[in-house]
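I am opening my notebook on a structure that is new to me. I will write down what I look up, step by step.

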Amino acid sequence: MPKPAGTLRIFVTGGSVAFGAGAPADDRTIGAFLQTALNETARADGRRVEVFTLAAPGWTSTHERIAIENRLSELAPDLV
């Protein structure tokens, strides 16, 4: 998925909390709150922020490293 021009791409990795375990809906996760907050300020500059969550309950730092190496590098992240 090519990154659109003027877009800041952020990936949230981790375990249950990053995944959103216990959140009542997808728009109530850490990633969703982060994207909403950052887009409120980024729009003033004409930029857009995309926040993706790559997490799973029970993941350790080893799982995160493997996911970053095998999946994220091709998606042009600005911040992980």
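I start with a term: by contact I mean heavy atoms within 4.5 Å. With that cut-off I looked up Val-12. I set aside residues up to four places away in sequence and found that Val-12 touches Ala-18, Leu-34, Val-51, Phe-52, Thr-53, Leu-54 and Ala-55. I also noted that this is a predicted model.

**Overview**

Next I stepped back to the whole chain. I counted three helices and two strands. Along the sequence I read them in the pattern β-α-α-β-α. I looked up the extent too: the C-alpha atoms fill a box of roughly 40 × 30 × 15 Å along the principal axes. The protein has 80 residues, and 29% of them count as buried. Then I checked how far apart in sequence the contacting residues are. Among contacts with a separation of 6 or more, 70% are between residues 24 or more positions apart.

**The strands**

I turned to β1, residues 7–14. How many of its eight residues are buried? I found seven, so the strand is mostly covered, given that buried means under 20% relative accessible area. I then looked for its pairing. β1 runs parallel to β2, residues 48–55, and eight bridges join them. At Gly-14 I looked up the bridge partner in β2, and it is Ala-55.

**The core**

Which residues make up the largest nonpolar core? I listed seven: Ile-10, Val-12, Ala-18, Ala-42, Val-49, Val-51 and Ala-55. The elements that give two or more residues to this core are β1 and β2. The largest share, three residues, comes from β2.

**Thr-13**

Is Thr-13 buried or exposed? Its relative accessibility is 18%, so Thr-13 counts as buried. Its side chain has a polar contact of 3.0 Å with the side chain of Glu-64. Not counting residues up to four places away in sequence, I found Thr-13 touching Ala-18, Leu-54, Ala-55, Glu-64, Ile-68, Leu-72 and Val-80.

**Helix α2**

I took the span of α2 next. The helix has 13 residues and reaches 18 Å from first to last C-alpha, close to the 18 Å expected at 1.5 Å a residue. Gly-31, Ala-32, Asn-39 and Ala-42 are buried in α2. They lie on the same side of α2, because they cover an arc of only 100° around the axis. On the other side of α2 I found Glu-40 and Thr-41 exposed. I asked what covers the buried residues of α2, and β2 is included in the answer.

**Thr-29**

Where is Thr-29? I placed Thr-29 in the loop between α1 (16–19) and α2 (30–42). At 12% relative accessibility, Thr-29 is buried. A polar atom of its side chain lies 3.1 Å from the backbone oxygen of Asp-26. Leaving aside neighbours within four places in sequence, I found Thr-29 in contact with Phe-19, Gly-20 and Ala-23.

**Ala-76**

My last entry is Ala-76, in the segment after α3 (61–72). Ala-76 is not a glycine, yet I read a positive phi of about 55° there. With a relative accessible area of 33%, Ala-76 is partly exposed.

Note on methods:
Residues numbered from 1 in each chain as written. Heavy atoms only, no water. Helix = DSSP H or I, 4+ residues; strand = E, 2+ residues; numbered from the N terminus. Buried < 20%, exposed > 50% of the residue type's maximum accessible area, 1.4 Å probe, protein only. Polar contact = N/O pair within 3.5 Å; in protein donor to acceptor, adjacent residues only side chain to side chain. Pairing = 2+ DSSP bridges. Core = buried A, V, L, I, M, F, W, Y, C linked by side-chain atoms within 4.5 Å. Expected span 1.5 Å × (residues − 1). Arc of directions from axis to C-beta.
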